Amino acid sequence: MPIPEDVTGEEIDKGVRQELMSLPKTLAEDVARNLVMVAKLLDDEPERAYQYSRVALRLASRVAAVREAAGFASYAVGKYAEALAEFRAARRMTGNSELWPVMADCERGMGRPERALAMAGEPEVQKLDRAGQVEMRMVAAGARRDMGQADAAVVTLQSSELASNSIQPWTARLRYAYADALLAVGREDEAREWFAKALEADQSGSTDASDRLAELDGVEFVDALDPEEAADGDALQPVEEPKVEESEVEEPKVEEPEAEEPEVDEVPSDEDLVEPEADDAEDIEPVAEVTSEGQAAGPDEDGDDR
């Protein structure tokens, strides 16, 4: 696999670089660069990290650091049998017991929790540092749960490290494992308390304690718009109004206002009629006839007031 040009072997751990000094210079640089890529990609892109580890393994299978890196890359992608073989090889080369907990967890991954539990009682555990012993305790608790011994898993995790108020690199994960074990036996209130303690100690975000707390509190987070979907052109689009054929549209009915009858004075009877004198006839102006032109214009045909 191609390696970015800006990646150099100088980025590798000093101890690993010393191990590679037994190789020819050019080969050592190639191996170192592949190991750098494994370290960079292991958490976020484990499949790619695994591919780089296989390249390093082909180039320098007799280097303990290479076997260890290949083991962790295999472990990250769920290839537990392969990972266990690499860890065993690295342990034979160095005589170091620090890989013992992850080796036991590989046994769990392969569906053999009883072997993992047996490893928790081996003398190698006493050779581990404090962090390694805490890790071994969490693996043993997991093996207990795999075997259906949920209450025993809770007891396995109870230790001085769990009770301590000091924050160590493993504190958040230990508290999280204990909270999860409590939840498995139905002790929800205590589980919530320990998830909160795990969140308090989780400075690097190594656990999803905040999500577990929200779940226990019945809080559900829903993304209104997924940024990835928006980038793919699947963002919400405005809803188009349905098209309506003109024939389906009913024109509003406009009621024509009734024309008001012009007021007409009471017609006088023949007896009341008096012939005007000839001289007075010129002074009387004719009464203007009432016509429809004097009415106020009503609304036009389409009903809009002008």
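Which residues in helix α13 (residues 209-216) are buried? They are Ala209, Arg212, Leu213 and Ala214. Here buried means under 20% relative accessible area, exposed means over 50%, and partly exposed lies in between, with a 1.4 Å probe and protein chains only. The cover over the buried residues of α13 includes α11 (171-184) and α12 (188-201). Contact means heavy atoms within 4.5 Å. After α13 comes Gly218, whose phi is positive, near 75 degrees.

The model is predicted: local features need pLDDT of at least 70, side-chain atom pairs count only at pLDDT 80 or more, and totals for chains, interfaces and linings use all residues. Residues are numbered from 1 along each chain as its sequence is written, and side-chain values use heavy atoms, with hydrogens and water left out.

**Overall make-up**

The protein has 14 helices and zero strands. Helices (H or I, at least four residues) and strands (E, at least two) are DSSP runs, numbered from the N terminus. Of the 306 residues, 31% count as buried. The protein exposes about 21500 Å², and carbon and sulfur atoms supply 46% of that area; the areas come from the Shrake-Rupley method with a 1.4 Å probe, and for residues only the protein chains shown count as cover. Among contacts between residues at least 6 apart in sequence, 52% join residues at least 24 apart.

**Nonpolar cores**

In soluble globular proteins, nonpolar side chains tend to be buried together. A nonpolar core is a set of buried Ala, Val, Leu, Ile, Met, Phe, Trp, Tyr and Cys residues joined through side-chain atoms within 4.5 Å. The largest one in this protein has 24 residues, and Leu20, Leu23, Val31, Leu35, Val63 and Val66 touch the most other members. The elements that give two or more residues to this core are α2 (25-41), α3 (46-59) and α4. Of these, α2 gives the most, with eight residues. Neighbours within four places in sequence aside, Leu35 is in contact with Ile12, Val16, Ala56, Val66 and Ala69. A second, separate core has 20 residues, among them Ala153, Trp170, Tyr176 and Leu182.

**Aromatic rings**

Rings of Phe, Tyr and Trp (its six-membered ring) pair if their centres lie within 6.5 Å; planes under 30 degrees apart count as stacked, over 60 as edge-to-face and the rest as tilted. By this rule there are four aromatic pairs. The table gives two of them.

| Pair | Centre distance | Plane angle | Type |
|---|---|---|---|
| Phe72 and Phe87 | 5.0 Å | 70 degrees | edge-to-face |
| Tyr75 and Tyr80 | 5.7 Å | 75 degrees | edge-to-face |

Phe72 in helix α4 (residues 64-76) and Phe87 in helix α5 (residues 80-94) are 15 residues apart, and their pair links distant parts of the chain. Phe72 counts as partly exposed at 30% relative accessibility, whereas Phe87 is buried at 0%. Tyr75 is partly exposed at 25%, and Tyr80 is partly exposed at 28%.

Another ring has a charge over its face: Lys197 lies over Trp194, at 4.1 Å from the ring centre. The rule requires NZ of Lys or CZ of Arg within 6 Å of the ring centre and within 35 degrees of the ring normal.

**A buried loop residue**

Ser97 lies in the loop between α5 and α6 (100-109). Ser97 is buried, with a relative accessible area of 7%. Not counting residues up to four places away in sequence, Ser97 touches Arg91, Glu124, Lys127 and Leu128. The C-alpha atoms of Ser97 and Gly132 are separated by 9.3 Å, and the two residues are 35 residues apart along the chain.
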